[in-house]
Amino acid sequence: MLSETIRAQVKATAPVLQAHGEALTRHFYARMFRGNPELLQVFNQGHQQGGRQQQALAGALAAYAVHIDNPSVLGPVIERVTHKHVSLGIRPEHYAIVGKHLLASIGEVLGEAATDELIAAWAAAYQQLADALIAQEAALYTAAATQPGGWSGWRGFKVVGKVPESSEITSFYLAPADGGEVPDFKPGQYISVRVFVPSLGMMQPRQYSLSDAAGQGRLRISVKRERGVATSPDGMVSTLLHERYNEGDVLDLAPPQGDFVLDESRDTPVVLISGGVGITPMLSMAKTLAARGAGREVRFVHGCRDAACHAMRDEVDALVAGSPTMRKWIHYETVGAADRQGVHYDREGRIDLAALKDEVVLPEADYYLCGPLPFMQAQHASLLALGVPPARIHAEVFGTGGTGL
């Protein structure tokens, strides 16, 4: 337990971290990668180049300083971080490396304001957080390694199928290269995939949601090829997967992780709301519910730009046709001349939950949201405006950090 003096010193730095935290974290990452270049292949260099990792860490440090008197407030964020760390192979020894460079960076960036007492306070606070994360991650590592078909670290999986799903999404069916079992997983979880990126000269990990139900004898991920824009290049790993990996090739996989999962203990309605490639964990949830014959009311609401970008249409149609308790609403932002309402799509334009209020606002329902951050923020705000309790809204955003909701 941290002393009152230490907590006060750490809390006093919160305004500085909120104002200048990104400068600190940029300095920290540059320093750490110079001193420990082997960690370059542990961190997503796309996020590093775009600044997202630095922004996420800056926000996390500021939040920890603000809530240092009661860090349990950050429990949901910490749980999400521990799953991500396990999926990337972060081990206890890495915390000592991070702590060394973080404390040195605080001193180097804050200058004279970083007194010996302040550095000591942050050292104690960091160790408290590190100990908590290490303990939670140890439990996740043990659970992943000891379940049937489980493992720890990286394991080779062979591509046994590659199927285009839309103009930008391709599914990869993966089976253990060692011929062993495939572990169970919770609908909504993801796996980390690691490949060698020639342009960087190193391995790089990425997380992709599992897009099928468990128990299939293989895993499936459905990967969107990230096209570059003026402010960012093409996705390094997604481009390699689409262009260079085919049936017979082997990928490194970490065990399934993630805390954005379907609550299967309930028998109440489920509303799945997704945008773009955010359909992937929703499809895993919907297929799990259908396979287990749970009888729960399911509402599947999905939005995409147009018919060319509409992935897994036939799978969703088959699920709805085979279930008397599942209904869907597919939204196209742009409708083409060949698109038929009620066949290819259900509504034109972006998702408007207010217009679907009578269909999707159901007693005791749980709402699962996944998609780009602006999409997520809009749907979250709509649900709150419609009177949905915050505790019933569960969100997953692809990328670095928390949900940002």
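Predicted model: local features only at pLDDT ≥ 70, side-chain atom pairs only at ≥ 80, totals over all residues.
1. Basis. Local features need pLDDT of at least 70 and side-chain atom pairs count only at pLDDT 80 or more, while totals for chains, interfaces and linings use all residues. Residues are numbered from 1 along each chain as its sequence is written, and side-chain values use heavy atoms, with hydrogens and water left out.

2. Pocket position. Because domain 1 (4-146) and domain 2 (155-257) both give residues to the lining of the second largest pocket, the pocket lies between them. The domain bounds come from an automatic or database domain assignment.

3. Largest core. The largest nonpolar core has 33 residues. Such a core is a set of buried Ala, Val, Leu, Ile, Met, Phe, Trp, Tyr and Cys residues joined through side-chain atoms within 4.5 Å, buried being under 20% relative accessible area with a 1.4 Å probe, protein chains only. Val 10, Leu 17, Met 32, Leu 39, Phe 43, Trp 122 and Ala 125 have the most contacts inside this core.

4. Met 32. Leaving aside neighbours within four places in sequence, Met 32 is in contact (heavy atoms within 4.5 Å) with Pro 37, Leu 39, Phe 43, Ile 97, Val 98 and His 101.

5. Second core. A separate core of 23 residues includes Trp 151, Val 197, Val 237 and Leu 240.

Notes: Buried < 20%, exposed > 50% of the residue type's maximum accessible area, 1.4 Å probe, protein only.
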